[in-house]
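The following exercises are to be worked with the sequence and the coordinates at hand. Each task is followed by a solution in steps.

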Amino acid sequence: MALIVAGIILGTAPVALADARPAVIFDLGGKYDKSFNEASYVGAERFREETGISYREFELQSDAQREQSLRRFAQQGQNPIVVTGFSWGQAVKAVAPDYPDTKFVLVDSVVDLPNVRSVTFKEHEGSYLTGLLAAMASRSNKIGFVGGMDIPMIRAFACGYRQGAKSADSDITVFENMAGTTGAAWRDPVKGGELAKSQIGRGADVIYHAAGGTGIGVLQAAADAGVLGIGVDKNQNGLHPGKVLTSMLKRVDVAVYQAMMDVHNGTFSSGIQSLGLAENGVDVAIDENNEALISDELAGALDAAKKSIISGAISVHDYRTDDTCPF
């Protein structure tokens with residue numbers, strides 16, 4: 001799938017094919033978090049399989065390793081260096097100017113430098129769709145959301161979810177909890193399960209998570225209780241077939257693959273890419289694991305909502321624009 005660019009694109013600089021020596025640094029939570037980091041891994045693996053070019057990788061263990069790992073890979077001649085996660089902004093801003101010939105790819109944050117590509121997503125648009133489906137599938141008229149680290153991006157997930165749910169049922173109750181305020185909030189499935197159980201105890205029968213590895217506990221708790229979960233970032237429908245209503249796809253894999261391929265092909269461009277429904281950057285997953293849960297009524301409502309968001313008939317509020325959620 002082609003990566004369609006929206007937003008500001010700065011200069012381009014041809015890169016010789018021999019200069020493609022990619023590296024990817026996985027954020028806190030680990031490469032196999034079944035979510036955001038694993039999507040990065042999938043993108044890097046696709047590049048390796050198609051080109052035969054290997055890549056270096058590193059799994060971050062603490063915030064203190066961010067700048068250190070970037071510098072090490074840059075000094076070793078890796079290019080591009082791909083990092084995923086909002087917390088990378090300051091490290092990239094500090095390191096990239098010292099290595100002007102190295103291409104840096106920053107997913108989920110923005111750094112305005114001539115050798116940095118910043119890729120952001122319109123998570124609120126995809127989350128609107130999950131909220132719509134959750135409200136329509138709910139029998140208790142109560143649904144939930146569990147976020148990872150309490151940051152504006154995760155608030156944007158929650159607000160889009162709430163808006164979508166309210167569009168289907170203005171009287172629906174939406175419970176909302178965040179797992180924490182530090183990086184540990186992304187890798188605590190026990191905490192995720194506890195938060196989900198609390199919401200289930202209050203009557204929620206559909207729970208959406210945007211919590212990285214913590215969300216694995218959310219989906220497990222939902223499946224154990226006989227209610228529906230909703231996955232995020234990567235297609236998580238198969239983790240509990242028939243018990244995950246859908247997954248909000250955030251195509252980090254495509255962003256990582258495309259950046260590596262652009263350097264390989266000498267077509268890398270820096271600047272900002274903002275990817276939403278219109279750019280195929282976000283979507284919801286329907287496959288053999290959840291298709292029985294998506295009735296014709298739900299499928300019709302989903303299709304109509306997608307078209308309306310893309311056309312502009314529905315404007316999904318982005319919490320990050322004003323730090324508020326009016327729903």
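A residue is called buried when its relative accessible area is under 20%, exposed when it is over 50%, and partly exposed in between. The model is predicted.

**Exercise 1. The surroundings of a histidine**

Task: Determine whether His-209 is buried or exposed, and state which residues His-209 touches beyond four places away in sequence.

Solution. 
Step 1. His-209 is located in strand E9, which covers residues 206-210.
Step 2. The relative accessibility of His-209 is 0%, so the residue counts as buried.
Step 3. Leaving aside residues up to four places away in sequence, His-209 touches Val-146, Gly-215, Val-218, Leu-219, Ile-230, Gly-231, Val-232 and Gln-236.
Step 4. A polar atom of the His-209 side chain lies 3.2 Å from the backbone nitrogen of Ala-211.

**Exercise 2. Two helices**

Task: Compare the end-to-end reach of helix H5 with its expected value, and do likewise for helix H1.

Solution. 
Step 1. The expected span is 1.5 Å times one less than the number of residues.
Step 2. H5 (residues 152-168) has 17 residues, and its first and last C-alpha atoms are 25 Å apart, close to the expected 24 Å.
Step 3. In H1, the buried residues include Phe-36, Tyr-41, Glu-45 and Phe-47. The buried residues of H1 pack against strands E2, E4, E5, E10 and E11, and against helix H8.
Step 4. After H1 comes Gly-52, with a positive phi near 80°.

**Exercise 3. Salt bridges**

Task: State how many salt bridges are counted, and examine which residues are linked in a network with Asp-108.

Solution. 
Step 1. Side chains of opposite charge can pair when their charged atoms come close. The cut-off applied here is 4 Å between a side-chain nitrogen of Lys or Arg and a carboxyl oxygen of Asp or Glu. The count is 21 salt bridges.
Step 2. Asp-108 and Lys-250 form a salt bridge at 2.8 Å, N to O. This pair links distant parts of the chain, 142 residues apart: Asp-108 is in the loop between E5 and strand E6, and Lys-250 is in strand E11.
Step 3. Asp-108 has a relative accessible area of 10% and is therefore buried. Lys-250, at 1%, is likewise buried.
Step 4. Glu-123 and Arg-320 form a salt bridge at 2.9 Å, N to O. Because Glu-123 lies in helix H4 and Arg-320 in the segment after helix H9, the pair ties together parts that are 197 residues apart in sequence.
Step 5. Glu-123 is buried at 0%, whereas Arg-320 is partly exposed at 30%.
Step 6. The network of salt bridges joins Asp-108, Glu-123, Lys-250, Asp-318 and Arg-320.

**Exercise 4. The nonpolar core and its aromatic rings**

Task: Name the residues with the most contacts inside the largest nonpolar core, and classify the ring pairs that involve Tyr-208 with Phe-145 and with Tyr-161.

Solution. 
Step 1. The largest nonpolar core comprises 75 residues, and Phe-145, Ile-154 and Phe-157 have the most contacts inside it. Its largest share, eight residues, comes from H8.
Step 2. Beyond four places away in sequence, Phe-157 touches residues including Glu-123, Phe-145, Tyr-208 and Lys-250.
Step 3. The whole structure contains four aromatic pairs. One of them, Phe-145 with Tyr-208, has centres 5.6 Å apart and planes at 65°, and is edge-to-face. Phe-145 lies in strand E7 and Tyr-208 in strand E9, so the pair ties together parts 63 residues apart in sequence. Phe-145 and Tyr-208 are buried.
Step 4. The rings of Tyr-161 and Tyr-208 have centres 5.0 Å apart and planes at 45°, so this pair is tilted. Tyr-161 is in helix H5 and Tyr-208 in strand E9, 47 residues apart.
Step 5. Phe-145, Tyr-161 and Tyr-208 form one aromatic cluster.

Technical notes: Residues numbered from 1 in each chain as written. Predicted model: local features only at pLDDT ≥ 70, side-chain atom pairs only at ≥ 80, totals over all residues. Heavy atoms only, no water. Helix = DSSP H or I, 4+ residues; strand = E, 2+ residues; numbered from the N terminus. Buried < 20%, exposed > 50% of the residue type's maximum accessible area, 1.4 Å probe, protein only. Polar contact = N/O pair within 3.5 Å; in protein donor to acceptor, adjacent residues only side chain to side chain. Contact = heavy atoms within 4.5 Å. Core = buried A, V, L, I, M, F, W, Y, C linked by side-chain atoms within 4.5 Å. Phe/Tyr/Trp six-rings, centres within 6.5 Å; stacked < 30°, edge-to-face > 60°.
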